[in-house]
Amino acid sequence: MTDRGPHGLFVQLEWLGLALMWVVTLLRAPVALRTPQQRPLWLAVGLASVAMTLQLPQVSSVAMAALDPHTVFLAKEIVGLLAATAVFEFISAIVGLRRTRLAILAAAVLTPAALVTLCVLSPPHSRHVVPSGPGQEESPDTYYWVVLLGYHLVANAACVAACWACGRQVKNASTRAGLLLFGTGIALSAVLMALSLVHVLSRDATIPHLFPAISGAEAAFMAAGAALPLLRGPWRTARDMTVLYRLHPLWRTLVRVTPDVTLTEPRSRAVDLLSAVRHSDLRLYRRAIEIRDGLLALEDYSPDGTLARAREHVRAARVADTSVEAAVTACWAGAAVANKRSGAAASGRPSGLPQSGGGDMAEELDFLLQLARFFRSPLAASFLSAEEQRHRAAPTGQAS
């Protein structure tokens, strides 16, 4: 729309933002082609990438070398309209804006027709460029720009309002962040269109200098919002791997003294993590079960009163209420592991270890992580030392 010369960092920001948009578009393509629900967002980001790329002077020069310049400029603006409509279609489908959606779609059909009509009725021109200073006019009539920019402003404003209103209400953190980031990108697009409209009416030569920076920031925010769904899988894997890493010492200790609870030999932490990358969620689920099974298998190696003494030991240490059960279990498990390793005979009497944890997998893993932390803590070590002293001081035949 405006001749833009090089402006250093601003142009670099624009190129960086567009590069991110294209990376996200290409990465989302396979999923979008397989999943109909993902196509509206992919189409919106893809058309926005095309529209913003066509606005680059370097790209326009290449296109005009092969095609009629007037056709190129008009095509750029129509593609931009389609991109804005695709973005709004995606947002309205999420938040259910039926009436506004129909109005925008109707305007999307009428606006290109109006643009072509105004373009034909305008004075002769070879380019669609708003001049910033004196000289020959190389632009359609002002009404052309008012119609074009007015459509963008209305569509963008509706998208921003929908994104931010819906983003504040969504419970899922990644979806909420995606909508807010995407909405911020569209808000920057609205700012760009508003400044463009001011430029059309005022012909202030300083305004176009801001366009590359705003366009680059717009592309970066939209790319970030669209990329979040792509990051859910890697994020879950990284989270699972972190939990597996922290649980590994506890799990390895338990399965070495109770080998029947697992089908595989315990390996080093690095090898264990590398083998879990593809199916980290399943490995983590199995890991939690094996730790629980290991604790159950150790119940027979816990003399009467051990659990009560562990609870008293934890109470004396003034552990936070939310961590008491994990600390008690860790102290008890350390003593049971020591008994099993020493070859103590099974008592055949379950110790009554409570099934602490939670009602879902997240709560269970939180409990096991606390258990793993206390298992290697000075609290558990001091309890084990006290139990060993008690065992040595007990008369023969009463040690158990």
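Predicted model: local features only at pLDDT ≥ 70, side-chain atom pairs only at ≥ 80, totals over all residues.

1. On the α10 side, L284, Y285, A288, I291, R292 and L295 make the contact. On the α13 side, the partners are M361, E364, L365, F367, L368 and L371. Sorted by class, the contact of α10 with α13 consists of ten nonpolar and two charged residues, with no polar ones.

2. Helix α13 (residues 361-375) also packs with α12 (residues 324-341). Here the axes come within 8 Å and cross at roughly 55 degrees, which makes α12 oblique to α13.

3. From α12, the residues E325, A326, A327, T329, A330, A333, G334 and V337 take part in the contact with α13. They meet F367, Q370, L371, F374 and F375 of α13. By class, this contact of α12 with α13 holds nine nonpolar, three polar and one charged residues. Both F367 and L371 are listed in the contact with α12 and in the contact with α10.

4. Leaving aside residues up to four places away in sequence, R341 touches T253 and V257. The C-alpha atoms of R341 and Y301 are 9.8 Å apart, although 40 residues separate the two in sequence.

5. R28, in helix α1 (residues 9-34), has a relative accessible area of 4%. R28 is therefore counted as buried, since the limit is under 20%. Beyond residues up to four places away in sequence, R28 touches Q38, L41, W42, A226, P229 and L230.

6. L228 is placed in helix α8, which covers residues 211-257. Which residues does L228 touch, not counting those up to four places away in sequence? They are S174, A177, G178 and L181. L228 and T175 are 53 residues apart in sequence, yet 7.8 Å separates their C-alpha atoms.

7. An unreviewed UniProt entry annotates "transmembrane region" over residues 12-29, 41-66, 78-97, 104-123, 143-167, 179-198 and 210-231. In the model, residues 143-167 are 100% helix and 0% strand, with end C-alpha atoms 35 Å apart. For residues 210-231 the figures are 95% helix and 0% strand, and the end C-alpha atoms are 31 Å apart.

8. Taken as a whole, the protein chain has 14 helices and zero strands. The chain comprises 400 residues, of which 42% count as buried. Among contacts between residues at least 6 apart in sequence, 75% join residues at least 24 apart.

Terms used
Residues numbered from 1 in each chain as written. Heavy atoms only, no water. UniProt positions renumbered as here; feature names shortened; annotations may be inferred. Helix = DSSP H or I, 4+ residues; strand = E, 2+ residues; numbered from the N terminus. Contact = heavy atoms within 4.5 Å. Axes fitted to C-alpha atoms, helices over the stretch in contact; angles between N-to-C directions. Parallel < 35°, antiparallel > 145°, perpendicular 65-115°, else oblique. Nonpolar A, V, L, I, M, F, W, Y, C, P; charged D, E, K, R; others polar. Buried < 20%, exposed > 50% of the residue type's maximum accessible area, 1.4 Å probe, protein only.
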